[in-house]
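Hi,

Here is the structure I promised to pass on to you. Have a look at it first, and then read my notes below.

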Amino acid sequence: MKNKGRVLVTGATGYIGSHTIVELINAGYDVVGVDNFHNSSPSVLDSIEKIVHKTIPFICLDCSNKEDFERVFDQYPDIIAAIHFAAYKAVGESVSKPIDYFRNNLQSLINLIELSYSKCGKGAIVFSSSCTVYGEPDPENLPISESAPVKEATSPYGRTKQMCEDILKDSTKAYPWLKAIALRYFNPIGAHPSALIGEMPSGVPQNLVPFITQTAAGVRQELKIWGNDYDTPDGTCIRDYIYVCDLAKAHIAAVERLIDENNSADKFEIFNIGTGKGLSVLELVQNFIKTTAVTLPYSFAQRRPGDVVKVWADPSKANEVLGWSAQTPIEDILLSAWNWEKKVRGIQ
Ligand code: UD1
């Protein structure tokens, strides 16, 4: 296959970054990955290399340090686009350490924009955004489309996503050499079918699926379902769970759109990346039990402060414009998450 050029991936050894590198290689791109292992481990690189049977060019560095970040552009002058995942992402932590979040998440993006220009003369950036920018959607806006209002952020983490989108919006308007696409992810879950890479939360998982798989593996005693008295059919919150490998493929579609010289679309575009289907916490839990046939102790508990009641995507813009859509059935996704957990824990 003819090589399609080199894509810089920041946050390369993180959950979504690692899966995206695999898809980039599968699609015929060269990559260079960077990460400072703040929330990931060097062993992820070995696992990616096992999947793709290739050495992955990689530099350990902190994107919020411009002098450091510069090295990747000096060593790889052939970068044609960047996918920017590197960011802090713990919602609770962001409330107690807002400045850390603003400094790291905003500075990294600003550095990427400036270095794209000073080192390459142009920039094509895919930015990792989140449905968190919508806050609690008004019920009449569900499924939610990109034109729905961005609401007051409920955490500094969410605010950094909104602010980074704003930075890209204003910068693409001002600088003729810059183009960008923000992908607003819904809830990414699951792991690569090889079970070599997956989500690896540090400490007690805050997200639902890692907590489920750890409970099924006996690492946690019981899953608590936060609230069963919401205004939803079964009383539990509703989300749009998107398979991480499907999500990874959306980044390739976005890169292709950005580097397509015949594309005269807006210089900054936003796409929802979700399935379009809402699933309640209870439905997801019951599906997991049925699909994996494992025991999963769970009980209902108080609502979690700050939780959105229900949100799911209208992904039609991504379907039509990017030619991308979610493909993987929820059963296969949950099995992939379970297979990954079993591999990590050494369970047969
Ligand atoms: C959370 C973040 C969001 C971030 C996303 C990344 C908050 C408020 N939002 O989304 O900003 O982009 O992760 O993936 O933290 N649940 C339980 N028991 C658990 C864990 C979760 O019942 O032990 C429920 C939650 O109440 C929620 C659903 O499962 O209804 C999904 O939770 P989670 O995986 O944490 O994702 P979000 O809250 O949607």
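Predicted model: local features only at pLDDT ≥ 70, side-chain atom pairs only at ≥ 80, totals over all residues.

Residues are numbered from 1 along each chain as its sequence is written, and side-chain values use heavy atoms, with hydrogens and water left out.

Ser-128 sits in strand 5 (residues 123–130). Helices (H or I, at least four residues) and strands (E, at least two) are DSSP runs, numbered from the N terminus. What does Ser-128 touch, if you skip residues up to four places away in sequence? The answer is His-84, Phe-85, Lys-161, Leu-183 and Tyr-185. Ser-128 counts as buried because its relative accessibility is 7%; buried means under 20% relative accessible area, exposed means over 50%, and partly exposed is in between (1.4 Å probe, protein chains only).

Next comes Ser-94, which belongs to helix 4 (residues 91–96). Its relative accessibility is 0%, so Ser-94 is buried as well. The side chain of Ser-94 reaches two backbone atoms: the oxygen of Val-91 at 2.7 Å and the nitrogen of Tyr-157 at 3.0 Å. Both are polar contacts, meaning pairs of N or O atoms within 3.5 Å; within protein, one must be able to donate a hydrogen and the other to accept it, and residues adjacent in sequence count only if both atoms are side-chain atoms. Leaving out neighbours within four places in sequence, Ser-94 is in contact with Tyr-101, Ser-155, Pro-156 and Tyr-157.

Then look at Ser-280, in strand 12 (residues 279–280). Ser-280 is buried, because its relative accessibility is 2%. Its side chain makes a polar contact with the side chain of Asp-234, at 2.6 Å.

**Helix 7**

How many of the 9 residues of helix 7 (residues 208–216) are buried? The count is 9 of the 9, so helix 7 is largely enclosed by the rest of the structure. Among the things covering its buried residues are strand 7 (187–189), strand 8 (223–226), strand 10 (241–243), helix 9 (281–292) and helix 11 (330–345). Just after helix 7, you'll find Gly-218 with a positive phi of about 85 degrees.

**The ligand**

There are 20 residues around the ligand, and the closest are Leu-208, Lys-224, Arg-239, Arg-304 and Asp-307. By class, the shell has 10 nonpolar, 6 polar and 4 charged residues. Here Ala, Val, Leu, Ile, Met, Phe, Trp, Tyr, Cys and Pro count as nonpolar, Asp, Glu, Lys and Arg as charged, and the others, Gly among them, as polar.

Oxygen atoms of the ligand come up in several pairings. One is 3.4 Å from an N or O atom in the side chain of Thr-132, and a backbone N or O atom of Gln-206 lies 3.4 Å from a ligand oxygen. For the side chain of Asn-207, the distance from an N or O atom to a ligand oxygen is 3.0 Å. Taken alone the ligand exposes 740 Å², and the protein buries 86% of that (areas by the Shrake-Rupley method with a 1.4 Å probe; for residues, only the protein chains shown count as cover). Helix 7 and strand 8 are the elements giving two or more residues to the shell, and strand 8 has the largest share, with 4 residues.

**Glu-136 and the cysteines**

Glu-136 lies in the loop between strand 5 and helix 6 (156–174). With a relative accessible area of 32%, Glu-136 is partly exposed. Its side chain reaches the backbone nitrogen of Val-309 at 2.9 Å.

How many disulfides are there? The count is 0, where a disulfide is a pair of cysteine sulfur atoms within 2.5 Å. Take Cys-63: the closest cysteine sulfur, in Cys-60, is 10 Å from its own sulfur, so that is too far for a bond. For Cys-131 the closest cysteine sulfur is in Cys-237, and at 12 Å that is too far for a bond.

Cheers

Definitions and conventions
Contact = heavy atoms within 4.5 Å. Near = heavy atom within 4 Å.
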